[in-house]
Amino acid sequence: LALAWFLVGRWHPQHTTNHGELLNPAQPVAHFVATRPTGQALGAEFLNGRWTLLYIGAANCDQRCRTGLYDIRQIRLALGKDMLRAQTLWLMPERPDEDLLQWLGREHVDLTVGVADVQTLDFFSRQFPHSVDTDGWIYLIDPLGNLFMRYSTDGNPKGILDDLQHLFKISKIG
């Protein structure tokens with residue numbers, strides 16, 4: 001018991017089982033201002049109540065972007081009965097063109113698209129050390145609106161699915 005008391009706050013395991021980059025401590029997404037392409041406001045309340053898989057990318061959506069969007073869609077579908085506990089969101093700095101919106105309507109029906117202000121996008125890039133930009137990352141936000149993890153789109157999406165399934169088992173929220 002004395003050893004445990006001594007180690008609290010001093011010792012941290014060298015290896016963790018999560019597949020993404022953990023943000024410790026988690027940071028509440030305090031400023032979240034975005035609008036849907038239709039002009040409807042998308043506020044911070046959108047992030048509450050469900051786990052959010054967030055992709056941030058440019059409005060021209062290159063192959064890396066399409067891979068990231070495909071991955072978050074497939075991860076959500078692979079959750080099976082827990083699929084309704086998660087939502088997918090794509091934030092971008094400017095409104096996409098009509099061709100891209102039509103493609104999204106066909107390929108990513110459940111994806112929420114938002115055009116975010118600069119302050120919102122900057123929040124995500126400032127949270128992780130050594131971040132050059134926010135493009136090419138999938139961010140995980142808990143049902144209380146806290147950013148706590150990110151994954152590279154170059155990685156294996158199975159790792160994101162494993163982490164989400166583990167979180168769903170131990171979480172009582174969302």
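## A buried histidine and the sheet around it

At 5% relative accessibility, His108 counts as buried, where buried means under 20% relative accessible area, exposed means over 50% and partly exposed is in between, using a 1.4 Å probe and protein chains only. You'll find His108 in the loop between H3 and E6. These labels are DSSP runs numbered from the N terminus: helices (H or I) have at least four residues and strands (E) at least two. Not counting residues up to four places away in sequence, His108 touches Leu69, Tyr70, Arg73 and Trp103; contact means heavy atoms within 4.5 Å.

A quick word on the model: it is predicted, so local features need pLDDT of at least 70 and side-chain atom pairs count only at pLDDT 80 or more, while totals for chains, interfaces and linings use all residues. Residues are numbered from 1 along each chain as its sequence is written, and side-chain values use heavy atoms, leaving out hydrogens and water.

Now the sheet. It is open, with 8 strands in the order E1-E8-E7-E4-E5-E6-E2-E3 and mixed pairing. Two strands pair if DSSP finds at least two bridges between them. Strand E1 (21–28) and strand E3 (41–42) stand at the edges with a single partner strand each, so one side of each has no neighbour in the sheet. E1 runs antiparallel to strand E8 (residues 146–152), and 4 bridges join them. In this pairing, Pro28 stands opposite Asn146 in E8. Helix H5 (residues 157–170) packs on the sheet, where it touches strands E4 (51–56), E5 (86–92), E7 (137–141) and E8; the direction of H5 makes about 155° with that of E4. Here axes are lines fitted to C-alpha atoms, for helices over the stretch in contact, and angles run from 0 to 180 degrees between N-to-C directions.

What about the inside? The largest nonpolar core has 30 residues, and Leu53, Leu69, Trp90, Leu104, Leu140 and Leu164 have the most contacts inside it. Such a core is a set of buried Ala, Val, Leu, Ile, Met, Phe, Trp, Tyr and Cys residues joined through side-chain atoms within 4.5 Å. H5 gives the most to this core, with 5 residues. A second, separate core of 19 residues includes Phe32, Leu54, Leu89 and Leu147.

Thr112 has its place in strand E6 and, at 11% relative accessibility, counts as buried. Leaving out residues up to four places away in sequence, Thr112 touches Arg36, Leu42, Phe46, Thr88, Leu89 and Trp90.

The structure also holds 5 aromatic pairs. Rings of Phe, Tyr and Trp (its six-membered ring) pair if their centres lie within 6.5 Å; planes under 30 degrees apart count as stacked, over 60 as edge-to-face and the rest as tilted.

| Ring pair | Centre distance | Plane angle | Type |
|---|---|---|---|
| Trp51 and Phe148 | 6.0 Å | 70° | edge-to-face |
| Phe123 and Phe124 | 5.2 Å | 85° | edge-to-face |

Trp51 in E4 and Phe148 in E8 are 97 residues apart, so to speak of their pair is to speak of a link between distant parts of the chain. Ring pairs also link Phe123, Phe124, Phe128 and Tyr139 into a cluster.

Two arginines sit over rings too. The charged end of Arg66 is over the ring of Trp103, 4.1 Å from its centre, and Arg150 lies over the face of Trp137, at 3.6 Å from the ring centre. A charge sits over a ring if NZ of Lys or CZ of Arg is within 6 Å of the ring centre and within 35 degrees of the ring normal.
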